[in-house]
Amino acid sequence: MLASKARPQIQKVLDPVSQWAARSSVSPDVVTIIGTVGVAGAALGFFTRGVFFLGTIVITLFVFSDLIDGVIARARGISSKWGAFLDSTSDRVGDSAIFGSLIVWYAGDGDSLPLVVAALICLVAGSITSYVKARAEGLGFTCDVGFAERGERLLVLLVAAGLYGLGVPYLLPAALWFLVGATSLTVVQRVVHVYRQWYRAGDPPSPSASTAAPTVPSGAAPAGPARRP
């Protein structure tokens with residue numbers, strides 16, 4: 001929740017850039033795609049080689065596009081479900097590139113099998129966390145809970161990676177193991193939260209399910225399975 005609370009303050013810093021972009025012909029979808037390519041490219045280009053400080057700086061700059069694209073869309077009145085879908089999908093791509101790059105580093109020059117496992121768990125658990133929320137909301141439940149949402153996870157990892165790149169020992173490994181526990185806890189919290197809603201509501205129908213029962217005319221026999229001639 002920390003990153004969510006910090007978002008308004010960060011947004012004030014980005015407002016001048018966002019307002020300029022909103023007056024221009026820049027498409028928010030293009031901003032989203034550029035940010036995703038930048039995050040993935042920086043992670044694969046720097047983190048896989050153990051260049052953590054510079055990589056963190058570049059990734060952080062592109063991460064800000066995740067805030068700018070939404071402001072542009074709202075300012076120009078072109079917010080859409082497609083934009084929200086693209087933004088969420090791009091987040092998954094960026095996160096996968098970051099943790100995947102750490103897996104490559106620790107499997108190679110980083111030479112640490114335990115940290116390969118830690119980064120892999122963070123990657124998988126992070127994907128499950130996002131899936132649980134999306135699936136729950138698709139079924140009509142709320143799922144805005146969790147100890148470590150995406151913003152918190154990204155903040156912890158980038159701060160740790162940047163300081164580790166400056167020579168602070170053990171910080172990145174400690175951050176990875178912390179995220180293993182925090183992300184796993186978030187998955188459990190969301191599953192329990194959805195279960196409690198389901199238990200109280202008595203299995204409500206999903207929004208996509210048809211609620212209308214087929215009408216059978218009086219005196220008519222129920223239709224049987226279709227037969228081929």
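# Contacts, burial and cores

Tutor: Leaving out residues up to four places away in sequence, Asp 87 touches Thr 32, Asp 66 and Asp 69. This is a predicted model, in which local features need pLDDT of at least 70 and side-chain atom pairs count only at pLDDT 80 or more, while totals for chains, interfaces and linings use all residues. Residues are numbered from 1 along each chain as its sequence is written, and side-chain values use heavy atoms, with hydrogens and water left out.

Student: What makes a pair of residues a contact?

Tutor: Contact means heavy atoms within 4.5 Å. Asp 91 meets that with Asp 66 and Arg 150, not counting residues up to four places away in sequence.

Student: Why is Asp 66 called buried?

Tutor: Buried means under 20% relative accessible area, exposed over 50%, and partly exposed in between (1.4 Å probe, protein chains only). Asp 66 has 19% relative accessibility, so the residue counts as buried.

Student: And why is Asp 91 called buried?

Tutor: Its relative accessible area is 13%, so Asp 91 is buried. UniProt, in an unreviewed entry, annotates Asp 91 as "active site".

Student: Which residues does the UniProt annotation "binding site" cover?

Tutor: The unreviewed entry lists Asp 66, Asp 87 and Asp 91. The three are spread over 26 residues of sequence but cluster in space, with a largest C-alpha distance of 8.2 Å. Asp 66, Asp 87 and Asp 91 also belong to the lining of the largest cavity. UniProt positions follow the numbering used here, feature names are shortened, and annotations may be inferred rather than shown by experiment.

Student: What makes a space a cavity, and a residue part of the lining?

Tutor: On a 1 Å grid over the protein atoms alone, a cavity is a set of points where a 1.4 Å probe fits but cannot get out. Lining residues have an atom within 4 Å of a point.

Student: Where do these residues sit?

Tutor: Asp 66 lies in helix α4 (residues 65–75).

Student: What makes a segment a helix?

Tutor: A helix is a DSSP run of H or I with at least four residues; a strand is a run of E with at least two. Numbering starts from the N terminus. The protein chain has eight helices and zero strands.

Student: Why is Asp 95 called buried?

Tutor: Asp 95 has a relative accessible area of 12%, so it is buried. Asp 95 is found in α5. Beyond four places in sequence, Asp 95 touches Leu 123, Arg 150 and Leu 154.

Student: What makes a set of residues a nonpolar core?

Tutor: The members are buried Ala, Val, Leu, Ile, Met, Phe, Trp, Tyr and Cys residues, joined through side-chain atoms within 4.5 Å. The largest such core has 31 residues; Leu 102 and Leu 176 have the most contacts inside it. Helix α5 gives the most to this core, with seven residues. A second, separate core has five residues, including Val 132 and Phe 141.

Student: How do you know which parts of the model the predictor is confident in?

Tutor: pLDDT is the predictor's confidence in each residue, from 0 to 100. The protein chain has a mean pLDDT of 84, and 80% of its residues reach 70 or more.

Conventions: On a 1 Å grid over the protein atoms alone, a cavity is a set of points where a 1.4 Å probe fits but cannot get out, and a pocket is an open set with protein on both sides within 12 Å along at least five of seven lines; lining residues have an atom within 4 Å of a point.
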